[in-house]
Protein chains: 2
Amino acid sequence: MGKPCIICVAITGSVPGKADNPAVPVTITEQIESTQAAFEAGASIAHCHVRDDDARPTSDPDRFARLKEGLETHCPGMVIQFSTGGRSGSGRERGGMLPLRPDMASLTVGSNNFPTRVYENSPDLVDWLASEMIAHDVLPEIEAFDLGHIVQAARMAQDGRLRRPLYVQFVMGVRNAMPADERIFDFYIETLERLAPDALWCAAGIGPAQIVLNEWAISRGGHTRT
Amino acid sequence: MGKPCIICVAITGSVPGKADNPAVPVTITEQIESTQAAFEAGASIAHCHVRDDDARPTSDPDRFARLKEGLETHCPGMVIQFSTGGRSGSGRERGGMLPLRPDMASLTVGSNNFPTRVYENSPDLVDWLASEMIAHDVLPEIEAFDLGHIVQAARMAQDGRLRRPLYVQFVMGVRNAMPADERIFDFYIETLERLAPDALWCAAGIGPAQIVLNEWAISRGGHTRT
Ligand SMILES: [Zn+2]
Ligand SMILES: [Zn+2]
Ligand SMILES: [Zn+2]
Ligand SMILES: [Zn+2]
């Protein structure tokens with residue numbers, strides 16, 4: 001048997017709502033239930049976003065705290081990963097929940113375009129989020145939306161701004177960012193192995209790219225994300 | 001003899017001033033003199049930024065018009081390329097000189113980090129600049145600061161937002177963006193040839209990366225930039 005594949009479950013995400021799919025869990029209670037089902041089915045990392053009372057993305061630390069408490073009770077041993085992604089807040093607000101010391105948090109170390117806007121991660125903000133993760137002993141999952149993000153993460157691991165080994169997620173299929181491209185996917189792996197040989201990696205495809213990326217990741221020995 | 005190498009001269013750039021180097025040409029007269037010297041030495045494209053009376057970057061169309069007129073007189077046949085880069089203005093201001101119909105203009109089709117800030121090129125702005133270039137018959141030079149920018153340019157050429165063949169410049173050596181990395185340089189070429197087989201390319205290294213990138217570009221049959 002080969003090494004086990006880690007399945008990371010993103011139960012809610014930052015964008016979809018009940019209007020897109022009534023099954024999307026948006027309240028804390030729904031999120032805990034849905035994560036428990038995934039945990040029992042074999043998922044070992046919960047990638048968490050929270051929503052406000054109107055189901056809009058928020059970075060509210062109180063909500064993250066309640067979600068974390070519920071997950072610890074109902075999914076004992078599951079790795080809890082909070083999102084610091086840009087849809088739920090701006091600037092340092094995005095890292096306001098890091099003092100809760102989740103096991104992991106997402107971190108994007110560069111900027112890129114999203115379907116209708118710039119995904120802004122200024123050098124200052126990136127360095128601050130990285131330092132907060134070190135201070136609160138949170139393992140970052142680097143969300144790589146382009147090749148330069150992989151290179152930047154390796155550089156930050158080398159100069160001590162990120163702890164080693166790196167855990168990097170290749171994200172493909174976001175419009176106006178990197179599409180699902182198998183040759184590029186393989187070059188991502190090659191580049192990460194060259195610049196950060198001890199790094200682990202996983203992959204996430206957005207929308208129709210999800211199943212494609214899962215297949216590529218599993219066939220190359222990487223970890224996956226729902 | 002192989003195919004000729006096009007030398008593009010960036011006489012001023014967007015950042016340096018007289019304090020960095022007293023030889024940097026910042027007035028229109030200085031720029032015309034300096035470009036003429038480069039033209040007589042063999043350069044065939046002039047990459048142009050303009051400065052205001054305090055030598056700060058500006059997108060002022062009047063200054064671009066005066067520079068263009070001077071270059072047409074003193075460097076007959078030289079290809080004139082205006083910068084639409086983000087340091088000299090924000091939003092559509094950056095393309096305000098395109099109705100002057102320079103031969104070429106720079107265009108970045110995605111966002112990325114620069115040393116101390118986000119280089120913002122929102123999808124809307126990119127599409128608008130591209131449409132202005134088509135309207136005024138300006139050939140874009142795509143400034144690729146990351147792999148995703150090459151992929152996006154190829155997509156835009158395929159769906160008609162950019163004319164073909166593409167002319168792409170690989171930019172390396174900007175802090176917090178892509179460093180000078182030879183394996184990645186070769187992958188840039190491979191990816192461009194795969195996704196846009198008719199494209200031409202050149203390369204620009206920033207600071208100490210300049211001479212390195214020139215050597216890589218020349219050895220692979222690309223064009224260069226000072
Ligand atoms: Zn997320
Ligand atoms: Zn993951
Ligand atoms: Zn320039
Ligand atoms: Zn060039």
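**Exercise 1. The nonpolar core**

Task: Determine how many residues the largest nonpolar core has and which of them have the most contacts inside it.

Solution. The model is predicted; local features need pLDDT of at least 70, side-chain atom pairs count only at pLDDT 80 or more, and totals for chains, interfaces and linings use all residues. Residues are numbered from 1 along each chain as its sequence is written, chains are lettered from A and ligands numbered from 1 in the order in which they are written, and side-chain values use heavy atoms, with hydrogens and water left out.

Step 1. A nonpolar core is a set of buried Ala, Val, Leu, Ile, Met, Phe, Trp, Tyr and Cys residues joined through side-chain atoms within 4.5 Å. Buried means under 20% relative accessible area, exposed over 50%, and partly exposed in between (1.4 Å probe, protein chains only).

Step 2. The largest core has 114 residues, and those with the most contacts inside it are A:Leu166, A:Phe170, A:Phe185, B:Leu166, B:Phe170 and B:Phe185.

Step 3. Contact means heavy atoms within 4.5 Å. Leaving aside residues up to four places away in sequence, B:Leu166 touches B:Ile142, B:Ala153, B:Ala154, B:Ala157, B:Ala196, B:Ala199 and B:Leu200.

**Exercise 2. A zinc site in chain A**

Task: Identify the protein donors of the zinc ion (ligand 2) and state whether A:Glu141 is buried or exposed.

Solution. Step 1. Donors are N, O and S atoms within 2.8 Å of the metal (3.2 Å for Na, K and Ca); water is not among the atoms, so sites may look incomplete.

Step 2. The protein donors are A:Glu141 (OE), A:Gln169 (OE1) and A:Cys202 (SG), lying 2.4 to 2.5 Å from the ion. Their spacing in sequence is E-x27-Q-x32-C. A:Glu141 in strand E9 (residues 139-144) and A:Cys202 in strand E11 (residues 200-205) are 61 residues apart, and the pair links distant parts of chain A. Strands (E, at least two residues) and helices (H or I, at least four) are DSSP runs, numbered from the N terminus.

Step 3. A:Glu141 is buried because its relative accessible area is 0%; A:Cys202 is likewise buried, at 0%.

**Exercise 3. A histidine site**

Task: Name the protein donors of the zinc ion (ligand 1).

Solution. Step 1. The protein donors are A:His47 (NE2) and A:His49 (NE2), lying 2.1 Å from the ion.

Step 2. A:His47 counts as buried, since its relative accessibility is 4%. A:His49 is also buried, with a relative accessible area of 11%.
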